[in-house]
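Here are some notes for a colleague who is opening this structure for the first time.

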Amino acid sequence: MNLRNIDLNLLVILDALLTDRNVSRAGERIGLSQSAMSAALARLRDIFQDPLLVRVGRDLALTRTAEDLIVPLKESLSKIEQTLLRRPGFNPAIDIRTFSISASDYAGLVLLTPLIRMIANEAPNVTIHLLPRARDAARVLQTNQADIVIEPTELFGPSDYPTSPLLSDRWLCAVDANHPEVKGHALTEKQFLELPHLVYGIGSDRHLNLADQHLADTGVQRRIAVTVESFLLNPFLIEGTQLVSLVLERAAKRLVGTVNIKLLETPIAVPDIHEAMYWHPRHTTDPGHKWLRATLLTVAQQLN
């Protein structure tokens with residue numbers, strides 16, 4: 001008997017027939033008409049090569065084959081039902097899981113650093129693989145290279161992937177604290193345009209970050225002296241030079257104490273960024289994945 005050739009719904013019908021030993025009552029219990037039940041019984045008889053129910057007077061009696069099927073059939077259906085109804089939970093205190101998160105070093109500093117601290121305390125058996133930001137974030141999810149991608153919504157763009165907002169941030173200008181041309185705590189538009197710039201770019205084509213891309217799109221002309229594929233290196237590269245760079249406030253303020261730079265308001269307005277997490281729908285109902293997303297949301301809420 002090849003199960004691939006059998007409609008497994010017939011097993012539910014067979015269970016009802018073996019229990020009620022009456023075609024009409026069995027049909028009423030599972031919501032099928034008498035004609036549909038009779039047709040199903042005919043198919044079952046053909047599958048098992050046995051009449052299963054035979055008429056004895058005005059009643060139906062089970063054949064020996066049918067009697068032998070009662071217990072294993074009920075046990076099998078019960079196990080299937082329990083499997084479908086029982087969703088395995090996730091206990092971070094004891095369960096072993098591995099997750100991967102793709103994010104920029106900015107998101108790594110601002111969001112993932114406190115996330116790792118929280119997980120280290122609450123989930124000792126959970127392993128987190130931190131992956132660098134990918135140019136094609138959607139493909140990372142599609143190919144299951146990462147469980148979660150953290151990406152600005154402005155870069156990820158419209159999609160059918162589930163998403164949840166995490167935080168927003170604004171751009172500031174960073175220069176060396178003793179910059180010879182930038183006195184005090186104000187940067188003029190003229191200075192901004194004339195000073196050499198350090199910009200963040202990703203990939204072999206040096207794809208610009210959102211702020212620098214916005215300036216390029218609006219026709220702002222600057223001299224780009226240095227490109228780097230790391231937000232966090234910016235302050236260290238700026239120190240001791242005449243470079244100016246657009247940096248994100250949350251990350252830059254974390255680094256001010258480690259490098260001798262100062263942060264200034266941008267003389268040319270640039271739009272804020274909005275970081276969000278994205279995941280593939282295959283993970284939406286997974287208890288462990290739900291816990292990870294909830295934990296990341298908690299971290300983000302504590303930052304706001």
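1. Two strands pair if DSSP finds at least two bridges between them. Helices (H or I, at least four residues) and strands (E, at least two) are DSSP runs, numbered from the N terminus. The model is predicted: local features need pLDDT of at least 70, side-chain atom pairs count only at pLDDT 80 or more, and totals for chains, interfaces and linings use all residues. Residues are numbered from 1 along each chain as its sequence is written, and side-chain values use heavy atoms, with hydrogens and water left out.

2. Strand β3 (residues 97-103) runs parallel to strand β4 (residues 126-132), and seven bridges connect the two. Within this pairing, Ile101 has Leu130 of β4 as its bridge partner. Between β3 and β4 the chain passes through helix α5 (residues 105-122), and this β-α-β crossover is right-handed (with the strands pointing away from the viewer, the path from the first strand over the helix to the second runs clockwise).

3. Where β3 gives way to α5, the loop between them holds Ser104. Ser104 counts as buried because its relative accessibility is 9% (buried means under 20% relative accessible area, exposed over 50%, partly exposed in between, with a 1.4 Å probe and protein chains only). A polar atom of the Ser104 side chain lies 3.2 Å from the backbone nitrogen of Ala107.

4. How many salt bridges does a search of the whole structure find? There are eleven, a salt bridge being a side-chain nitrogen of Lys or Arg within 4 Å of a carboxyl oxygen of Asp or Glu. One of them joins Glu151 to Arg133, with 2.8 Å between the closest N and O atoms. This pair links distant parts of the chain, 18 residues apart: Glu151 is in strand β5 (residues 148-152), and Arg133 is in the loop between β4 and α6 (137-142). Glu151 and Arg133 are both buried.

5. Arg170 and Glu265 form another salt bridge, their closest N and O atoms being 2.9 Å apart. Here 95 residues separate the partners: Arg170 is in the loop between β6 (163-169) and β7 (171-176), and Glu265 in the loop between β12 (261-264) and β13 (273-278). Arg170 counts as partly exposed because its relative accessibility is 30%; Glu265, at 47%, also counts as partly exposed.

6. Lys190 and Glu194 meet through their side chains in a salt bridge of 2.9 Å, N to O. About one helical turn separates Lys190 and Glu194, because they are four residues apart in helix α8 (residues 189-194). Both Lys190 and Glu194 are exposed. Elsewhere, salt bridges with shared partners join Arg170, Glu249, Lys253 and Glu265 into one network.

Notes: Polar contact = N/O pair within 3.5 Å; in protein donor to acceptor, adjacent residues only side chain to side chain.
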